[in-house]
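Biologist: I would like to learn how to read a structural model feature by feature, with the general idea before the particular case. Could we work through one together?

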Amino acid sequence: MAAETLEILDLDGVNRALTRIAHEILEKNQGVENLLLVGIRTGGAHLAAQLQQKISEIEGADVALGIIDVTMYRDDLGSRSNLSIGQTDIRVPITGKKVVLVDDVLYTGRTIRAALDAVIALGRPENIQLAILVDRGHRELPIRPDYIGRNIPTAQNEQIKVDFDDQNIPQAVHLLRN
Amino acid sequence: MSFNPKHILGIKDLTAEQILFILDTAESFKEINTRQIKKVPTLRGKTVVNLFFEASTRTRTSFEIAGKRLSADTVNITASSSSVVKGETLEDTAHNIEAMHPDIIVMRHSASGACDYLAERLKCSVINAGDGTHEHPSQALLDAFTIRQHKGDIKGLTVVIAGDITHSRVVRSNIYCLNKLGAKVRITGPRTMIPPGIEKLGCEVYYNLNDAITDADCVMMLRIQRERQGATLIPSIREYARYFGLSEAKLKLAKKDAIVMHPGPVNRGVELASSVADGTQSVILDQVENGVAVRMALLYLVAGGEKLQQN
């Protein structure tokens, strides 16, 4: 258990960040046409569902939503315990879409690298953008998010945790320090 | 939970939790088989050797496709085209293959326990694709997967397995698997084909197919193994078909929504009437389809995970 826990974002903070990201996505893409939100299991998938809801409130139009599991595309098979593999569920063709990948925490960038491969394996999108709730630094790959909820420089021994309630609604973001 | 097996040798050693973990993993791999580009890079750089000392189409092809869809390099060795015919022992063959550094050997052999024997002697992982009359774990897992797909939950179901029980490895793996998952297993067949003491594995024995089938949720018919001792244990194939073959009329004794399974290859008109094999209750082709996903899960779990603590 962490020795110290700091609250980075409370419920209102998370909501404001997501609302702003929703606006930014709409602004950059000039609406929802051809847009596809893809959440990375499991935290990113919950956040993508929130973004979908916010976008439909702002724009009055529905945006397509998919869930992707990147375990099969990871580069660390054999160096840790087997992860359970979740299901990928994207029901619209990905070719030609503007895909917005959504994840909760951006750290080394390796999950996003795997997600890029996973998306491209399903088709050829027009472009891929990246939305992140918390960017904690320490990138090991040249990956840069397009939409960031909050930048939080961290130390390697710290952890960022996004709390969800049992309806998968994000509640707060905490920093755990060992 | 996580599950990091070094080998998959039989269902007997697995817990219910581990079996369900395998089935859930397979559930996720199933989606890949419906994609336009059916390949993920998960096992890139791994070498899988399919070492088959007995004839097989389904299992070998299924393992080969599973390996290829995970981007592993798969090599097939069949007994007739190998040095076995020149008199090489199993252990020598295996050590020679191991010298080429494969990561996984998938083996089928006519001797019970052959896979355990290799697993003790080799550094690479071993997956049992059927050893003698002992176990056939991937078949039992794909059967459980298929039952779960059609029935939702395996717990509380009544499953009948009918045919040559003595010489069937599918039966033994299925009895272990279904018992662990909470189903009730009934086995049935001619007295000459049921070994004494089989009920100790956890099943009820019937010598009459009609009694066994009554109110069953799932009927699994086994093949009469004409290439093995099968044919000499019964007076005639026609008599077997009459008493132990599954006809439409007999199937009516089972529950209305019962499913009919068969590990293949089917002897049409012997253990299974053609009209039943092709009927609406038959899930035989689902079994084959699910086999690929289940074998992908086995290869993934065996190849991944830290194996340092074992061995």
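**Reading helices, contacts and backbone**

Modeller: Let us begin with burial inside one helix: the buried residues of α6(B) are R169(B), V170(B), V171(B), R172(B), S173(B), N174(B), I175(B), Y176(B), C177(B), L178(B) and K180(B). Please keep in mind throughout that this is a predicted model.

Biologist: How many of the twelve residues of α6(B) are buried?

Modeller: A residue counts as buried if 20 or more other C-beta atoms lie within 10 Å of its own. By that count eleven of the twelve residues of α6(B) are buried, and the helix is mostly covered. The elements of chain B against which these buried residues pack are the helices α1 (16-30) and α5, together with the strands β4 (125-131), β5 (158-162), β6 (184-188) and β8 (218-221).

Biologist: What follows α6(B), and where is L181(B) placed?

Modeller: L181(B) sits in the loop between α6 and β6 of chain B, and G182(B), which has a positive phi near 90°, also follows the helix. L181(B) counts as partly exposed, because it has 19 C-beta neighbours inside 10 Å. Leaving aside residues up to four places away in sequence, L181(B) touches A16(B), I19(B), A144(B), I154(B) and K155(B).

Biologist: Turning to helix pairs, at what angle do the axes of α5 and α11 of chain B cross?

Modeller: The axes of helix α5 (residues 137-151) and helix α11 (residues 284-303) of chain B come within 8 Å and cross at roughly 120°. That angle makes α5(B) oblique to α11(B), and the crossing of the two helices is right-handed. On the α5(B) side the residues that meet the partner are S138(B), L141(B), L142(B), D143(B), F145(B), T146(B) and Q149(B), while α11(B) brings D286(B), Q287(B), N290(B), G291(B), V294(B), R295(B) and L298(B). Sorted by class, this contact of α5(B) with α11(B) holds five nonpolar, six polar and three charged residues.

Biologist: Which residues make the contact between α2(B) and α11(B), and at what angle do these helices pack?

Modeller: Helix α2 (residues 58-69) of chain B packs with α11(B) at an angle of about 55°, with the axes 8 Å apart. The helices α2(B) and α11(B) are therefore oblique to each other, and their crossing is right-handed. From α2(B) the contact uses R58(B), S62(B), F63(B), I65(B), A66(B), G67(B) and R69(B), and from α11(B) it uses V288(B), G291(B), V292(B), R295(B), M296(B) and L299(B). The residues of this contact divide into seven nonpolar, three polar and three charged.

Biologist: How many residues does each chain give to the contact between chain B and chain A?

Modeller: Chain B gives 19 residues and chain A gives 16 residues. On the side of chain B that touches chain A, the elements giving two or more residues are α1 and α11 of chain B, and α1(B) gives the most, with six residues. By class, that side of chain B has eight nonpolar, seven polar and four charged residues.

Biologist: Where are cis peptide bonds found?

Modeller: One joins R41(A) and T42(A), with omega about -5°, and T42(A) lies in the loop between β2 (35-40) and α2 (43-59) of chain A. Another joins G264(B) and P265(B), with omega about -10°, and P265(B) lies in the loop between β9 (259-261) and α10 (274-277) of chain B.

Notes. Residues numbered from 1 in each chain as written. Chains lettered and ligands numbered in written order. Predicted model: local features only at pLDDT ≥ 70, side-chain atom pairs only at ≥ 80, totals over all residues. Axes fitted to C-alpha atoms, helices over the stretch in contact; angles between N-to-C directions. Helix = DSSP H or I, 4+ residues; strand = E, 2+ residues; numbered from the N terminus. Parallel < 35°, antiparallel > 145°, perpendicular 65-115°, else oblique. Left-handed = near helix turned anticlockwise from the far one by under 90°. Contact = placed C-beta atoms within 7 Å. Nonpolar A, V, L, I, M, F, W, Y, C, P; charged D, E, K, R; others polar.
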